[in-house]
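Please study the sequence and the structure shown below before reading the report.

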Amino acid sequence: MSRTLRTPDDLLAQGLVSPEALPDLHALSARYAISVTPAVQARIATPDDPVARQYIPSAAELTTHPHELDDPTADAPFTPIKGVVRRYPDRALLKPLLACPVYCRFCFRREHVGPDGGLLTEAELEAALAWFAENTDIREAILTGGDPLMLSPRRLGHMLDRLEALPHIELLRIHTRVPVADPARLNPAMLATLRRDKPLYLCVHANHAQEFGLEATTALRALSDQGVTLLGQSVLLARVNDSVEALETLFRTMLRHRIKPYYLHALDPAPGTAHFAVPDDQALTLLRDLRPRITGLAWPNFVRESPQGAGKKPLGPAWTL
Ligand SMILES: *Cc1c(COP(=O)(O)O)cnc(C)c1O
Ligand code: SF4
């Protein structure tokens with residue numbers, strides 16, 4: 001059985017990078033975490049396929065551009081208290097930790113996420129929960145990070161219990177990559193933790209149909225069977241899913257897993273990610289060609305995050321009748 005790969009040498013030993021790439025990758029790994037779980041390794045067919053490209057670091061990440069930003073979605077100015085981001089009147093993010101099961105090479109929070117990352121202390125968590133209790137106009141608590149399903153079921157359950165107990169909180173939402181990247185975490189204890197009285201929306205990050213293995217299918221079925229509403233969020237990525245066929249297959253695969261595609265994000269300009277960017281005109285043409293080919297149920301909102309922090313803006317395409 002394979003284990004999680006965390007260093008350039010681990011990747012070399014599995015034949016996922018070449019020996020010539022090692023010096024660059026050592027430099028890179030000092031700055032950005034690497035993690036390729038056994039579940040993801042099982043989905044990689046070749047070292048440059050659409051799954052591998054999302055997780056295997058490349059020297060291209062060393063190239064940064066002046067327009068790239070450490071905080072491309074401008075979370076910092078909208079942080080009233082550590083671990084909370086509030087941009088909207090009715091909903092706010094809680095970021096209990098900054099660790100993830102995998103580290104996506106295009107991550108918009110790549111300057112902040114990592115394995116040692118940002119677990120709120122007990123006092124910080126209490127303060128963040130007190131903020132949710134005091135701000136009675138917030139109706140929806142959105143757990144993100146990092147990946148909230150990296151917490152132990154007990155710890156996550158404690159947070160969800162506290163939020164759910166607030167009378168003004170009507171909805172719980174969790175953004176996660178765990179169902180495809182580390183489905184073994186959705187064990188019976190975690191499933192029990194995600195059984196809630198108030199509606200729980202689980203927004204599953206996946207960018208290619210090839211990411212869905214049998215374990216993911218089983219975990220998603222269990223979630224759906226216990227009343228969790230599944231949403232999909234994807235990023236439009238060059239050489240990963242920038243074709244009509246790839247998007248069509250991705251969104252159909254999500255629907256077969258009872259996941260409603262919710263957002264397709266334009267790439268946020270985090271440092272060293274320009275090789276993943278799809279030009280806007282190409283993106284809009286792709287989506288225009290895609291629309292008639294898929295059921296409306298498969299259609300996500302195509303959005304870009306405002307760099308000034310004004311939130312997600314729909315990008316189109318525009319239609320002529
Ligand atoms: C993305 C985001 C949300 C969720 O927005 P929806 O459009 O409701 O999915 C909420 N708060 C912040 C700060 C966000 O960045
Ligand atoms: S799972 Fe999300 S937060 Fe974590 S590295 Fe990937 S994109 Fe970033």
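## Basis of the model

This is a predicted model, in which local features need pLDDT of at least 70, side-chain atom pairs count only at pLDDT 80 or more, and totals for chains, interfaces and linings use all residues. Residues are numbered from 1 along each chain as its sequence is written, chains are lettered from A and ligands numbered from 1 in the order in which they are written, and side-chain values use heavy atoms, with hydrogens and water left out.

Helices (DSSP runs of H or I, at least four residues) and strands (runs of E, at least two) are numbered from the N terminus.

Arginine 173 belongs to strand β4, which covers residues 171–176. Its relative accessible area is 9%, so arginine 173 is buried; buried means under 20%, exposed over 50%, and partly exposed in between, with a 1.4 Å probe and protein chains only. The side chain of arginine 173 makes a polar contact of 2.8 Å with that of glutamate 140. A polar contact is a pair of N or O atoms within 3.5 Å; within protein, one must be able to donate a hydrogen and the other to accept it, and residues adjacent in sequence count only if both atoms are side-chain atoms. Apart from neighbours within four places in sequence, the contacts of arginine 173 (heavy atoms within 4.5 Å) include Glu140, Leu200 and Tyr262.

Glutamate 164 is located in helix α6. With a relative accessible area of 13%, glutamate 164 is also buried. A polar contact of 2.9 Å connects its side chain to that of arginine 196. Beyond residues up to four places away in sequence, glutamate 164 touches Leu172, Arg196, Asp197 and Lys198.

## Salt bridges across the chain

Side chains of opposite charge can pair when their charged atoms come close. The whole structure contains 25 salt bridges, each defined as a side-chain nitrogen of Lys or Arg within 4 Å of a carboxyl oxygen of Asp or Glu. One of them joins lysine 82 to glutamate 124, with the closest N and O atoms 3.2 Å apart. Because lysine 82 lies in the loop between α4 (52–55) and β1 (84–85), and glutamate 124 in helix α5 (residues 122–134), this pair ties together parts that are 42 residues apart in sequence. Glutamate 124 is partly exposed, at 23% relative accessible area.

Arginine 155 and glutamate 122 form another salt bridge, at 3.7 Å from N to O. Arginine 155 lies in helix α6 (residues 153–164) and glutamate 122 in helix α5, so parts 33 residues apart in sequence are tied together. A further salt bridge, of 2.9 Å from N to O, joins glutamate 170 and arginine 139. This pair links distant parts of the chain, 31 residues apart: glutamate 170 is in the loop between α6 and β4, and arginine 139 in the loop between α5 and β3 (140–143). Glutamate 170 is partly exposed at 40%, as is arginine 139 at 44%.

## A pair of packed helices

At what angle do helix α10 and helix α11 pack? Helix α10 (residues 244–256) and helix α11 (residues 280–290) pack at about 55°, with their axes 9 Å apart. Axes are lines fitted to C-alpha atoms, for helices over the stretch in contact, and angles run from 0 to 180 degrees between N-to-C directions. The two helices are therefore oblique to each other; angles under 35 degrees count as roughly parallel, over 145 as roughly antiparallel, 65 to 115 as roughly perpendicular and the rest as oblique.

Val244, Leu247, Glu248 and Phe251 in α10 meet Leu286, Asp289 and Leu290 in α11.
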